[in-house]
Amino acid sequence: MPFLLPNKVTQENAVLLERDGLLNEAALSTVDCFALTDFDSTVLTVLLAWQKKLLAKGQSISIVNAPEKLKVLAGVYGVSALLGIA
């Protein structure tokens with residue numbers, strides 16, 4: 001079962017979201033962004049933290065249903081390849 005991102009990811013909830021993801025580490029192999037509508041670059045920080053944790057264990061994150069804005073932000077920050085966001 002994938003880890004579902006909430007509709008809003010900003011500085012206000014990023015720390016809690018990161019912690020929730022790490023508590024559900026098995027689900028992080030697939031992160032579903034279907035509901036994600038209200039976010040800023042903070043979401044990249046959370047995704048990269050999860051990716052780092054998984055890579056340390058020889059795994060990786062797969063991001064599905066990424067909204068166009070997330071793809072653009074990942075491109076601007078140069079992390080598209082790291083996160084597998086095309």
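This note sets out points on the sheet, the helices and selected residues of a predicted model.

1. Basis of the note. The model is predicted, so local features are reported only at pLDDT of at least 70 and side-chain atom pairs only at pLDDT 80 or more, whereas totals for chains, interfaces and linings use all residues. Residues are numbered from 1 along each chain as its sequence is written, and side-chain values use heavy atoms, with hydrogens and water left out.

2. The sheet. An open sheet is formed by 3 strands in the order β1-β3-β5, and the pairing is parallel. The edges are taken by β1 (3-4) and β5 (62-64); each has a single partner strand, so one side of each has no neighbour in the sheet. Helices (H or I, at least four residues) and strands (E, at least two) are DSSP runs numbered from the N terminus, and two strands pair if DSSP finds at least two bridges between them. Between β1 and β3 there are 2 bridges in the parallel sense. Within this part of the sheet, Phe-3 stands opposite Val-31 of β3.

3. Asp-32, a buried acidic residue. Asp-32 belongs to strand β3 (residues 30-32). Asp-32 is buried but has no salt bridge, and the nearest side chain of opposite charge, that of Lys-71, is 12 Å away. Here buried means under 20% relative accessible area, exposed over 50%, and partly exposed in between (1.4 Å probe, protein chains only). For charge, Lys and Arg count as positive and Asp and Glu as negative, while His and the chain ends are not counted. A salt bridge is a side-chain nitrogen of Lys or Arg within 4 Å of a carboxyl oxygen of Asp or Glu.

4. Surroundings of Asp-32. The side chain of Asp-32 makes a polar contact of 2.8 Å with the side chain of Asn-65. A polar contact is a pair of N or O atoms within 3.5 Å; within protein, one must be able to donate a hydrogen and the other to accept it, and residues adjacent in sequence count only if both atoms are side-chain atoms. Not counting residues up to four places away in sequence, Asp-32 touches Pro-2, Phe-3, Leu-4, Leu-5, Val-64 and Asn-65; contact means heavy atoms within 4.5 Å.

5. Asn-65 lies in the loop between β5 and α3 (68-76) and is partly exposed, with a relative accessible area of 46%. Its phi is positive, about 60°, although Asn-65 is not a glycine. Most residues other than glycine have a negative phi.

6. Helix α1. In α1 (residues 14-23), Ala-14, Leu-17 and Gly-21 are buried. These residues cover an arc of only 65° around the axis, which puts them on the same side of α1; the arc is that of the directions from the helix axis to the C-beta atoms. Val-15 and Leu-23 are exposed on the other side of α1. The cover over the buried residues of α1 includes β1, β2 (8-9) and α2 (42-55).

7. The salt bridge. The structure holds 1 salt bridge. It joins the side chains of Lys-57 and Glu-25 at 2.8 Å, N to O. Lys-57 lies in the loop between α2 and β5 and Glu-25 in the loop between α1 and β3, so the pair ties together parts that are 32 residues apart in sequence. Glu-25 is buried, with a relative accessible area of 17%. Leaving out residues up to four places away in sequence, Glu-25 touches Lys-53, Leu-54 and Lys-57.

8. Helix α3. Leu-70, Leu-73 and Ala-74 are buried in α3. Seen down the helix axis, the buried residues of α3 fall within an arc of 100°, so they line one face of the helix. The face turned away from this buried side carries the exposed residues Glu-68 and Val-76. The buried residues of α3 pack against β4 (38-39), α2 and α4 (80-83). Gly-78, which follows α3, has a positive phi near 70°.

9. Leu-44, a residue of α2. Leu-44 lies in helix α2 and counts as buried at 4% relative accessibility. Apart from neighbours within four places in sequence, Leu-44 is in contact with Leu-70, Leu-73, Ala-74, Tyr-77, Val-79 and Leu-83. Leu-44 and Tyr-77 are 33 residues apart along the chain, and their C-alpha atoms are separated by 8.8 Å.
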